[in-house]
Amino acid sequence: MTTELEIGLYIFMLAGFLGYHVISRVPPLLHTPLMSATNAIAGISLVGSLIVAGADYGPLSTVLGFMAVTCSSTNVVGGFLITDRMLKMFKKTEDQTAKRRRFQFDPKMLLALPVLVIGLLVLFYSYEELSKDPVHFFRDLLPTQALKYFYILSAALFILGLKGLSSPKYARKGMFLAEFGMLMAVVGTLFHHEIVTYQWIIIGLIIGSIVGGTMGLRIPMTAVPQRTALSHSLGALAACLVGISEYFRHHGELSKVVMTALGFEVVIGGLTFTGSLMAAAKLQGVLPGHPITYKGQNVFNLSLLSVIAGSLIYLVIVPTAGTLFYVMVGLSFVFGLLLVIPIGAADMPVVIALLNSYGGLADAAMGFVLMNKIQIITGSLDGTSGFLLSLLMCRAMNRSALNVLFGAFGKIEKQEGDAAVEAKGTVRSITPEETAVLFDTAQSVIIVPGYGMAVAQAQHGVSELARVLMKRGIDVKYAIHPVAGRMPGHMNVLLAEANVPYDKLYAMEQINPYFPEADIALVVGANDVTNPAAKNNKNSPLYGMPILEVDRAQSIIVLKRSLRPGFAGVDNELYYNPKCMMLFGDAKESLNKLFAALRS
């Protein structure tokens, strides 16, 4: 006979398989909204948290459940709000110029259809059962059936929501479906027969909604990577807290299967919590963004991981070893810190995607502990999306997944005495006035934005410059490298915020053939992704990494503060190319001077 565990495993595998096919169709343009959306959907840990907070499991479980409700609801509200903010920005050129119609179809209207269908089915079913035994119907049958069908429908809506992200045109509609699915899952859970009080649930939901709403509405787009990392930490913490609560409630008297899932939940949840906090601190600049390594780091990390794994195996055999359980949780927190410390710089998009995957796996593990199938499904979807994005980022950087997974192996060492550095040649500088003269003779321009543009808050200036050039009849395209920015697809979001139509954005494989035809390649704050050493210099740490082939353009103008290396710490050979001219200074200020020169 098929057990609950086997059913859960089947669901996990099928959801992962389905998620892979749905998520692999999401274009790079929407990778940041995808991660934000899966982050919000991973807030499904809220359903398990609601039960722990509202059931009569004891004071400690109530406190831990309350904290988990607060963390999860922060993720849900903040995640969906900021996803919607991003998706509203993505427009085509024709969408920006089209006149507004008197009547506009609101995708929210679609939500009325499933509500109507469900309402009719419930009324039909209820009428028959209610006529037999009204007391049994309201006390037992209604909550159980409502919960079951709400979960089934919400799972379908989550998948349809992610499917909508395969195109900017349908992305918002998809997210409305996913939001409705989350609402149904939460409302259905409130009927759970084990919930006896709603006091701490309501307080947690209010606090989480306020915090998440503020984050979702107020955080600037340049800070989306930090917010995403912070959300990963909250979701993972919720999973970890629920796991600790379950272990404490049962005094460790758990079956081997449940203990395995619970141990996995607290370990992955714990290391993702502290690892994500570390990533957020690096992205915010609170900690140094470059990799931090020390002698014997890999040996120490692997030893610590072995101790954690050994503890988990022992707990599966002897689940009542309570002290060891809490030591294992503490070591997981420490391991999360040590895991992310040696990763940084250009690896941050991979780290963010990887932590997203870890958070989803922790959520799925919670689903196995509570035997909650909707959590298994969403955890699998979240884990799949994060892992898939991690692989895509690794491929874009010509790095192996193993290299990044083990942190310190991914550090790029700056090589002294590099032959390319010795033969670098002379750097040419250019003034805004001279740049304006060059644009007067240009027919085609390719703009290459990098994170330096975001740091200088120059995306609006770049967009304005493109509009000025297009009014002059110049063909303007944007070249986007997969790892530009601090997380997958981040650069697309920043440009969309500056009203750049997404049909002007070209991925690396699309734009590289156009560079030889471009009169000017305008590089704004991009460094490693334009370095020809990745193609030409076998001694360079960047060698093998696919880059934007800016050096093939007729002329190259680089907006940059100085000749300092980029995140990888490697000198950029492009700056010594005879065709390259450096417009030194803050990108935003340089663009303002350039506008003045163009007007004059």
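In which hand does helix 3 pass helix 8?

1. The crossing of helix 3 past helix 8 is right-handed; please keep in mind here, and in every point below, that the model is predicted. Helix 3 covers residues 45–54 and helix 8 covers residues 168–189, and the two pack at an angle of about 15° with their axes 9 Å apart. That angle makes helix 3 roughly parallel to helix 8.

2. The residues that helix 3 brings to this contact are Leu46, Val47, Leu50 and Ile51, and they meet Ala185, Val186 and Thr189 of helix 8. Sorted by class, the contact of helix 3 with helix 8 consists of six nonpolar residues and one polar residue, with no charged residues.

3. Helix 8 also packs against helix 4 (residues 59–89), in this case at an angle of about 165° and with the axes 10 Å apart. Helix 4 and helix 8 are therefore roughly antiparallel to each other, and helix 4 passes helix 8 in a left-handed crossing. On the side of helix 4 the contact is made by Val76, Phe80, Thr83, Asp84, Leu87 and Lys88, while helix 8 supplies Ala171, Arg172, Met175, Phe176, Ala178, Glu179 and Met182. By class, the contact of helix 4 with helix 8 has eight nonpolar residues, one polar residue and four charged residues.

4. Is methionine 175 buried or exposed? Methionine 175 has a relative accessible area of 1% and so counts as buried. Leaving aside residues up to four places away in sequence, methionine 175 touches Ala37, Phe80, Thr83, Leu87, Gly161, Leu162 and Leu165. Between methionine 175 and proline 33 the C-alpha to C-alpha distance is 10.0 Å, although 142 residues separate them in sequence.

5. Turning to the sheet, six strands form an open arrangement in the order 3-2-1-4-5-6, with parallel pairing. Strand 3 (505–507) and strand 6 (580–584) stand at the edges, and because each has a single partner strand, one side of each is left without a neighbour in the sheet. Neighbouring strands are turned against each other by 25° on average, with direction ignored.

6. How many residues of strand 4 are buried? The count is five of its five residues, so that strand 4 is mostly covered. Ile520, Leu522 and Val524 point one way from strand 4, whereas Ala521 and Val523 point the other way, and all are buried.

7. Strand 4 is joined to strand 1 by five bridges, with the two strands running parallel, and valine 445 has isoleucine 520 as its bridge partner in strand 4. Five bridges also join strand 4 to strand 5 (residues 555–560), again in a parallel pairing, and there the bridge partner of alanine 521 is isoleucine 556 of strand 5.

Note on methods: Residues are numbered from 1 along each chain as its sequence is written. This is a predicted model: local features need pLDDT of at least 70, side-chain atom pairs count only at pLDDT 80 or more; totals for chains, interfaces and linings use all residues. Side-chain values use heavy atoms; hydrogens and water are left out. Axes are lines fitted to C-alpha atoms, for helices over the stretch in contact, and angles run from 0 to 180 degrees between N-to-C directions. Helices (H or I, at least four residues) and strands (E, at least two) are DSSP runs, numbered from the N terminus. Angles under 35 degrees count as roughly parallel, over 145 as roughly antiparallel, 65 to 115 as roughly perpendicular and the rest as oblique. A crossing is left-handed if the near helix is turned anticlockwise from the far one by less than a right angle, and right-handed if clockwise. Contact means heavy atoms within 4.5 Å. Ala, Val, Leu, Ile, Met, Phe, Trp, Tyr, Cys and Pro count as nonpolar, Asp, Glu, Lys and Arg as charged, and the others, Gly among them, as polar. Two strands pair if DSSP finds at least two bridges between them. Buried means under 20% relative accessible area, exposed over 50%, partly exposed in between (1.4 Å probe, protein chains only).
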